[in-house]
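This report concerns one protein chain and its local geometry. The sequence and model are shown first.

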Amino acid sequence: MCGIAGVYNSEIAPKLVYLEIYSLQHRGQESAGIASSDGEDIQLVKGSGKVLEGISSEDLEKLRGKNAIGHVRYSTAGDAGGANAQPIVRSIPMGQVAVVHNGNLTNYLPLRRELEEKGYRFNYTSDTELFLVLLETGKEYLPKGLEIHPEDSEFLPRLLYALSEVEGAYSVLMLYRDKLIAFRDKLGFRPLLMGKKGKSYFFASESCAFDIVEAEMVKEVKPGEIVVVDSKGIRNYFPFREKEEARCIFEFVYFSRPDSFIFGNWVYEVRQELGRQLAREEVVEADLVSPVPDSGVVPALGYSQESGLPFELGLIRNHYVGRSFIEPSQELRNIRVLMKLSPNRAVLRGKRVIIVDDSLVRGTTSKRIVQMLKRAGAKEVHLRIASPPVVGPCYYGIDTPTKEELIANRMSLEEIRKHIGADSLRYLSLEGLRSVVEDKRLYCDACFSNEYPITPRI
Ligand code: AMP
């Protein structure tokens, strides 16, 4: 998972991108970076950590140019930490190109091997570099019947060649000369939207990034669409037609911010409906419903509304700690849970509590939470999960653990309940999850169903 953002045509483009990626911080906290272009040269700053840590105000001041792209990273492919921070910039025969990518290429390894055998050098271990190395080959591809604007005749056929080679999930922004180019893979796994304010154009993984810069959302970049923005205007291409879509359902369950609009929906509404559906499937006798903040808040609200049980805050979140799961090592994850959440005894004492979370992955968080609630005096703790058991790793850009690490693959429902120490445990059913989105065939729910739209190649 990563967050990407871009601005075309603003005197303060790098600063606006900084704000955009700041509001996408939940999509990645391992590194942050911005590249800007004045139409000739590309400048770059990037570093490890969150936006505030990775990009200093001095560095930001130095960035010149009216076009910029930015990235927050949470590693799925390649090493974690600053080494693979994006944007990645490469000087190739046609000029300098900068790229930011959200997703995961499922044929990275064989393609990289093939290119290395031909003598191409890779400077990173991140799949994103493939786009640039494929552009460097200078090879071109032109699908029959596709009309290309003269402005794009140099760049686009090469990009189309690159896209005809890669497989998997990608929402991408590129800077090349005076152009900003945005595109999504043909199945549309990851979101990408376009916004506008005055004469400036904006791009971002989620619409919440437009609010912070006071831009209006214009549209979603469609699956398989390429958008080119330059001084001649905006051009859209649909070179790879596909009837299917594979929007990541986990964006609704957990990843995207609740105030964002993605995949034609408000995340808040979908997430609330997940909670409602959970309550429709079963309501246990209890005194109150409490969320695991922040990810459980919206589904817990839906559960409370549907069940009629009062919504209370049984856990209080310390806002100065980042997302716990996102840390790559297990040790750090454990400590962070305790740092992040505290029991609210005023609510919990002597009560039968339904505690709602968005998903159960390894089970680490929930076990600690149940212990915490009981220690604080809760009489009963009923854990409700607003998504089905996570049973499959994601190959399309979400860092789900391996099959063995997923608790639902190691234990039965009853074993998980015992392990976690809850009085009862229930997940949303897969049918329930699918009933919440308008057309289940438009979504990828492989992490819950093991039905993978693309098989990764190694
Ligand atoms: P655990 O069951 O301890 O592995 O943690 C599950 C919690 O981590 C969920 O309730 C989510 O809030 C969050 N989470 C789930 N999937 C992910 C993911 N792929 N990356 C980061 N956080 C996640």
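## Basis of the model

The model is predicted: local features need pLDDT of at least 70, side-chain atom pairs count only at pLDDT 80 or more, and totals for chains, interfaces and linings use all residues. Residues are numbered from 1 along each chain as its sequence is written, and side-chain values use heavy atoms, with hydrogens and water left out.

## Domains

The protein chain is divided into domain 1 (3-245) and domain 2 (266-438); such bounds come from an automatic or database domain assignment. The C-alpha centres of domain 1 and domain 2 are 34 Å apart.

## Backbone exceptions

Most residues other than glycine have a negative phi, and most peptide bonds are trans. A cis peptide bond, with omega about 5°, links Gln 86 to Pro 87. Pro 87 belongs to the loop between β4 (67-73) and β5 (88-92). Here helices (H or I, at least four residues) and strands (E, at least two) are DSSP runs, numbered from the N terminus. The bond from Pro 293 to Asp 294 is also cis, its omega being near -5°, and Asp 294 sits in the loop between β17 (288-291) and α10 (297-307).

Two non-glycine residues with positive phi may be described together. Asn 9 has phi near 70° and occupies the loop between β1 (2-8) and α1 (13-23). Its relative accessibility of 24% makes Asn 9 partly exposed, given that buried means under 20% relative accessible area, exposed over 50%, and partly exposed in between (1.4 Å probe, protein chains only). Phe 263 has phi near 50° and is placed in the loop between β15 (261-262) and β16 (265-266). Phe 263 is buried, at a relative accessible area of 3%.

## Helix α9

Arg 271, a residue of helix α9, is buried at 4% relative accessibility. Between Arg 271 and Ala 408 there are 137 residues of sequence separation and 22 Å in space, C-alpha to C-alpha.

## Paired strands

Strand β20 (residues 352-357) has five of its six residues buried, so it is largely enclosed by the rest of the structure. β17 and β20 run parallel and are joined by four bridges; strands pair if DSSP finds at least two bridges between them. Within this pairing, Leu 288 has Val 353 in β20 as its bridge partner.

β20 also pairs in the parallel sense with strand β21 (residues 380-385), over six bridges. There, Asp 357 is partnered by Ile 385 of β21.

## Surface patch

Leu 19, Tyr 22, Leu 52 and Ile 212 make a nonpolar surface patch of about 350 Å². Patches are made of residues with over 30% relative accessible area and no salt bridge, like charges being joined within 9 Å and nonpolar side chains (Val, Leu, Ile, Met, Phe, Trp, Tyr) within 5 Å. A salt bridge is a side-chain nitrogen of Lys or Arg within 4 Å of a carboxyl oxygen of Asp or Glu. Accessible areas come from the Shrake-Rupley method with a 1.4 Å probe; for residues, only the protein chains shown count as cover. Tyr 22 is located in helix α1 and is partly exposed, with a relative accessible area of 40%.
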